[in-house]
There are 2 protein chains.
Amino acid sequence: MTTTSVPPLDPPLRVLLGPGPSDVPSRVLQAMAAPTIGHLDPEYLRIMDDTRSLLRQVFRTDNEITVAMPGTGSSGMETCVANLIEPGHEMVVCVNGVFGTRMADVAGRCGATVHRVEAPWGEVIEPEAIEKGLAEHPGTRVVGIVHAETSTGAHQPLVEISRLVHEAGALLLVDAVTSLGGVELKVDDWTIDACYSGTQKCLSCPPGLAPVTFSPAAFDAVRARKSKVQSWYLDLSMIAQYWGESRVYHHTAPVNMSYALYEALRIVAEEGQEAREARHLLNHRALRAGLEAMSLRYIPSRSLPNLNAVHVPEGIDDAAVRRRLLTEYGIEIGAGLGPFKGRAWRIGLMGHSSTQRNVTMVLAALETILGDLGASLDRGAALAAAGDVYAGGGR
Amino acid sequence: MTTTSVPPLDPPLRVLLGPGPSDVPSRVLQAMAAPTIGHLDPEYLRIMDDTRSLLRQVFRTDNEITVAMPGTGSSGMETCVANLIEPGHEMVVCVNGVFGTRMADVAGRCGATVHRVEAPWGEVIEPEAIEKGLAEHPGTRVVGIVHAETSTGAHQPLVEISRLVHEAGALLLVDAVTSLGGVELKVDDWTIDACYSGTQKCLSCPPGLAPVTFSPAAFDAVRARKSKVQSWYLDLSMIAQYWGESRVYHHTAPVNMSYALYEALRIVAEEGQEAREARHLLNHRALRAGLEAMSLRYIPSRSLPNLNAVHVPEGIDDAAVRRRLLTEYGIEIGAGLGPFKGRAWRIGLMGHSSTQRNVTMVLAALETILGDLGASLDRGAALAAAGDVYAGGGR
């Protein structure tokens, strides 16, 4: 047995401007490296309690059932669907990108009769489409929708849809993986029944945990189940007992990841939710002004502030540009997915990555590379347009 | 919004001698705090490849399908069961503690017809019992058994059982959460078809990932499924595509946890598997000699070297002793579970926690506390007995 073929760990220093993970503040990395303690240690239980309080703040909810699931964002999706759905239940799933598609897949695996309400990739789901879907399927128990569709950058309005869902007597399940902590999201005010997220986007914590919150109505539905939740690992009633006063052992919590989330949430709380959202919006406006000055066109009709999906210009090699950004500048941006494979770039400005410095850097690097590749560009226009926004001008 | 009620993170420095997590070497904590990179970054893909090589070494297998699942040890259990079982399949589950009980629960949720082969808690499963179970249920697809039953400390022999299982045409699924990296385990030599573990026991990495390996026969069974795996998150065929050459995006990998596992596995490889197992055995013999010199009786008929489950002496308050160990000495040991609640202590000597220093410290602390509580003790006998073992004597 030998380790000669395995070098010491020495990951390169990147600037993470893809669809997540985002750059992690050094405070969070340091917190994660604190000594491991037991998952039933009184101090660890204190950390869980305070994490729950901080998660409620960022979700803007009073929900008792607010936890961090021991898996990545997609485990949060599966937690919500698997706990709310019993075999044969009807579920409307809104599909306008990868993550709606995934939710429909998960729902089917949980035994739901899935009704898809679709919109073209890049578009949002219109309330009328939901209304029609609910009218056609009056037995619908749950409507699932993606607030921030990471594959297209589409920013889904939810208030009107929530009203329609509740009028129909259904529960609203929202994917907030990419929005939580950076884009306005109001779980209680918007009457969202179940909501999940990930840690590695606007919270700027490493990937590995899935914040999840359930309204009293949603958790009542879980408690009223006739069958066991098909996933033992994601059984929310058991998880809630561990997070609750009885502290019943379920799994060995990811202790050091919990340290990281705790510190990341403290940073969010220190900045303040409104200030954080305003920062994401300002840097988005500057980036957008710069990208559009380079004639790059946005894909979604309503773009998220923190994920900027643009078409790759005609005649430009998608992968070559991303490779040069990575190797020459250490900048990661995201590739297109599904129908946008090879045809889109996704530039994330999430959490700690959403800074004027990063906007400036990625615009400058992109302009240089595109210019080298022969794109027709007005050199300097991108930085000037972004600068205008920061100077209080811009659009 | 205010953070005044949430103090900075400052976890106490513990000595982790419970059933896991174990003490994490500072090299591993430092590795985990390296800057986060993307889950599709070329350097991250290199780390995945090398992690797989290191996992194969520690599992002692050549299995192509060897991965770290993005969840804690129990997600590894659910991965194995959910991928191997389709609704209506028959599964024999060996139950002699918490984790066999859990496996039966998981199997039922996956739609298996579960046949329990039971032994009293603390005993191991005898080959004859398996033989009888297989004879009664000739359609059995999978036999699940726990190699290291963390709730009782029972050390399950597997070679003869593996022979019986394969003679009956079934697949052998082994829970190695507590054994991997500290107790002899030979996946290929013992013809284990599916095996899962956790990171926080003998690998001395924080909790959060589940190493899993599938034999070609087991993965063939997965590929031959008629129905989708009920868990999207734990769908091994999709996970294998991400770990394989095609690198198809599935979930956002827990990047920093992966750093930690990488470094933990490098440490295991540097020490060497045989040397590591010998260390666990030596420290176990010393601890056992000391505990028995204090008249503490072991629960299991065949004890694991790394988890020492003993009866709480008559008249001694279980919780008071553990609380004093924690508050006065910073030592965590485990409480009893199930029928042993309040009636057992579980002292782990796992991975980095398995040292002469820790054996000496926990024996000295226990002797002091038990003496204070009026237990009849031959003061000094425990340390003398342990010392004899280290001096090359002992039993």
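## The nonpolar core

In this predicted model, the largest nonpolar core takes in 269 residues. The residues with the most contacts inside that core are A:Val81, A:Leu84 and A:Ala107, along with B:Val81, B:Leu84 and B:Ala107.

Take B:Val81 and skip its neighbours within four places in sequence: what is left is contact with B:Met103, B:Val106, B:Ala107 and B:Cys110. One of these partners, B:Ala107, is itself on the list of residues with the most contacts in the core.

## How the two chains meet

Across the interface, 66 residues of chain B are in contact with 65 residues of chain A. On the chain B side, five helices each supply at least two residues: helix 1 (26-32), helix 2 (42-59), helix 3 (73-84), helix 4 (98-109) and helix 9 (255-271). Helix 9 of chain B gives the most, with nine residues. Split by class, the side of chain B that touches chain A has 30 nonpolar, 24 polar and 12 charged residues.

## The seven-stranded sheet of chain A

Seven strands of chain A form an open sheet with mixed pairing, in the order 2-10-9-8-5-3-4. Strand 2 and strand 4 (113-118) sit at the edges with a single partner strand each, so one side of each has no neighbour in the sheet. On average, and ignoring direction, neighbouring strands here are turned by 15 degrees against each other.

Two helices of chain A pack on this sheet. Helix 4 (residues 98-109) touches strand 3 (90-95), strand 4, strand 5 (140-146) and strand 8 (171-175), and its direction makes about 160 degrees with that of strand 3. Helix 5 (residues 127-136) touches strand 3, strand 4 and strand 5, at about 155 degrees to the direction of strand 4.

Is strand 2 of chain A (residues 65-69) mostly covered or mostly open? Mostly covered: five of its five residues are buried. In a regular strand the side chains alternate between the two faces of the sheet. Here A:Ile65, A:Val67 and A:Met69 are on one side, A:Thr66 and A:Ala68 are on the other, and all are buried. Strand 2 runs antiparallel to strand 10 (residues 210-214) of chain A, joined by five bridges, with A:Val67 partnered by A:Val212. Strand 10 also pairs with strand 9 (residues 194-196) of chain A, antiparallel over three bridges, and there A:Cys195 stands opposite A:Thr213.

Over in chain B, strand 10 (residues 210-214) has five of its five residues buried, so it is largely enclosed by the rest of the structure. B:Ala210, B:Val212 and B:Phe214 point one way, while B:Pro211 and B:Thr213 point the other. This strand pairs with strand 2 of chain B over five antiparallel bridges, where B:Val67 stands opposite B:Val212. Strand 9 of chain B pairs with strand 10 over three bridges, again antiparallel, and B:Cys195 faces B:Thr213.

## The four-stranded sheet of chain A

Chain A has another open sheet, this one with four strands in the order 1-12-13-11 and mixed pairing. The edges are strand 1 (15-17) and strand 11 (307-311), each with a single partner strand, so one side of each is left without a neighbour. Neighbouring strands in this sheet are turned by 30 degrees against each other on average, direction ignored.

Strand 12 (residues 331-335) and strand 13 (residues 344-348) of chain A pair in the antiparallel sense over two bridges, and A:Ala335 stands opposite A:Trp345. Helix 12 (residues 356-372) of chain A packs on the sheet and touches strand 1, strand 12 and strand 13, with its direction at about 85 degrees to that of strand 1.

## A closer look at A:Ala386

A:Ala386 lies in helix 13 (residues 381-390) of chain A. Why does A:Ala386 count as buried? Because it has 26 C-beta neighbours inside 10 Å, and the cut-off for buried is 20 or more.

Setting aside neighbours within four places in sequence, A:Ala386 is in contact with A:Ala286, A:Leu287, A:Ala289, A:Gly290, A:Val359, A:Thr360 and A:Leu363. As for A:Val146, 240 residues away along the chain, its C-alpha atom is separated from that of A:Ala386 by 29 Å.

Key. Residues are numbered from 1 along each chain as its sequence is written. Chains are lettered from A and ligands numbered from 1 in the order in which they are written. This is a predicted model: local features need pLDDT of at least 70, side-chain atom pairs count only at pLDDT 80 or more; totals for chains, interfaces and linings use all residues. A residue is buried if 20 or more other C-beta atoms lie within 10 Å of its own, exposed if 12 or fewer, and partly exposed in between; C-beta atoms are placed from the backbone. Two strands pair if DSSP finds at least two bridges between them. Axes are lines fitted to C-alpha atoms, for helices over the stretch in contact, and angles run from 0 to 180 degrees between N-to-C directions. Two residues are in contact if their C-beta atoms, placed from the backbone, lie within 7 Å. Ala, Val, Leu, Ile, Met, Phe, Trp, Tyr, Cys and Pro count as nonpolar, Asp, Glu, Lys and Arg as charged, and the others, Gly among them, as polar. A nonpolar core is a set of buried Ala, Val, Leu, Ile, Met, Phe, Trp, Tyr and Cys residues joined through C-beta atoms within 7 Å.
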